[in-house]
Amino acid sequence: MLDNTNSGDDLGYLQKLFLVLLSLFLVISLFFFRSGFKANAMLDELAKNSLQPDIALSNGKPTVFEFYADWCEACKEMAPDMLKAERLNSSKIDIVLLNVDNSRWIDLIEKYDVNGIPQLTFFDDKGEFQGFSLGVRKYNELNEIFLALINNSELPSFTKFSNSSNLIYTINSKELNNNNKIRSEGPRYHS
């Protein structure tokens, strides 16, 4: 007589290993599909639609430089609102995404004293520096800023602190033009 008491109840070693690996794959896939890929796709779309900085500053439209990084959670948090605001105002304002991990932009990172991200740097329709904002800005705040730039009026002042990520490397600060007042406040605003 054969003993069949345990034959259907126990999984073999390979079956257990397969189930563990399948579970891990599903968990990781769900994580990326729910948050990671969507936010990265939005950053990629904004970056893909970006003009070159020199073209944006010379084409007669107000310009916003967004200094960001793909690994920056605060940048990913702001991406849906930035994309929505950009779509609404795309014919009136230029948005230029500059990845701080790309050495191509080190001169602009130094020039505008980027020491945290996301940093938004604002220019009028003549390409003249108007101010900056450090940290996450919500859709309503972005719209206020964009409208002020489009209408050539004073930038709004936001007193609340917002999320930002520190850069890994240090940057030598360069003095920005003293005639340009920075009107948007962020976590490192000390005035």
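E45 forms a salt bridge with R87, with 2.8 Å between the closest N and O atoms; a salt bridge here is a side-chain nitrogen of Lys or Arg within 4 Å of a carboxyl oxygen of Asp or Glu. E45 lies in helix α1 and R87 in helix α3, so the pair ties together parts that are 42 residues apart in sequence. The model is predicted: local features need pLDDT of at least 70, side-chain atom pairs count only at pLDDT 80 or more, and totals for chains, interfaces and linings use all residues. Residues are numbered from 1 along each chain as its sequence is written, and side-chain values use heavy atoms, with hydrogens and water left out.

**Salt bridges**

- The structure holds 6 salt bridges, including the one between E45 and R87.
- E45 counts as partly exposed at 28% relative accessibility; buried means under 20% relative accessible area, exposed over 50%, and partly exposed in between (1.4 Å probe, protein chains only).
- Another salt bridge joins the side chains of K61 and D94, at 3.8 Å from N to O.
- K61 lies in the loop between α2 and β1 (63-68) and D94 in strand β2 (residues 94-99), so the pair ties together parts that are 33 residues apart in sequence.
- K61 is partly exposed at 25% relative accessibility, whereas D94 is buried with a relative accessible area of 7%.
- The side chains of R137 and E141 also meet in a salt bridge, at 3.7 Å from N to O.
- R137 is buried at 0% relative accessibility, and E141 is buried at 8%.

**Fold and chain totals**

- The protein chain has 5 helices and 6 strands; helices (H or I, at least four residues) and strands (E, at least two) are DSSP runs, numbered from the N terminus.
- From the N terminus on, the order of elements is α-α-β-α-β-α-β-β-β-α-β.
- The protein chain has 191 residues, of which 41% count as buried.
- Of the contacts between residues at least 6 apart in sequence, 76% join residues at least 24 apart; a contact means heavy atoms within 4.5 Å.

**Packing of α3 and α5**

- Helix α3 (residues 73-89) and helix α5 (residues 139-150) pack at an angle of about 35 degrees, with their axes 9 Å apart.
- Axes are lines fitted to C-alpha atoms, for helices over the stretch in contact, and angles run from 0 to 180 degrees between N-to-C directions.
- On the α3 side, the residues that meet α5 include M78, M82, A85 and L88; the α5 residues in this packing are Y139, L142, N143, F146 and I150.
- N89 lies in helix α3 and is buried, with a relative accessible area of 3%.
- Not counting residues up to four places away in sequence, N89 touches N143, F146 and I150.

**Surface and α2**

- The accessible surface of the protein chain comes to about 11,600 Å², of which 54% belongs to carbon and sulfur atoms; areas come from the Shrake-Rupley method with a 1.4 Å probe, and for residues only the protein chains shown count as cover.
- Y13, L14, L17, V20, L21, L24 and I28 make a nonpolar surface patch of about 740 Å².
- Patches are made of residues with over 30% relative accessible area and no salt bridge: like charges are joined within 9 Å, nonpolar side chains (Val, Leu, Ile, Met, Phe, Trp, Tyr) within 5 Å.
- L21, one of the patch residues, lies in helix α1 (residues 13-48).
- I55 lies in helix α2 (residues 53-58) and is partly exposed, with a relative accessible area of 44%.
- The C-alpha atoms of I55 and D94 are separated by 9.7 Å, and the two residues are 39 apart along the chain.
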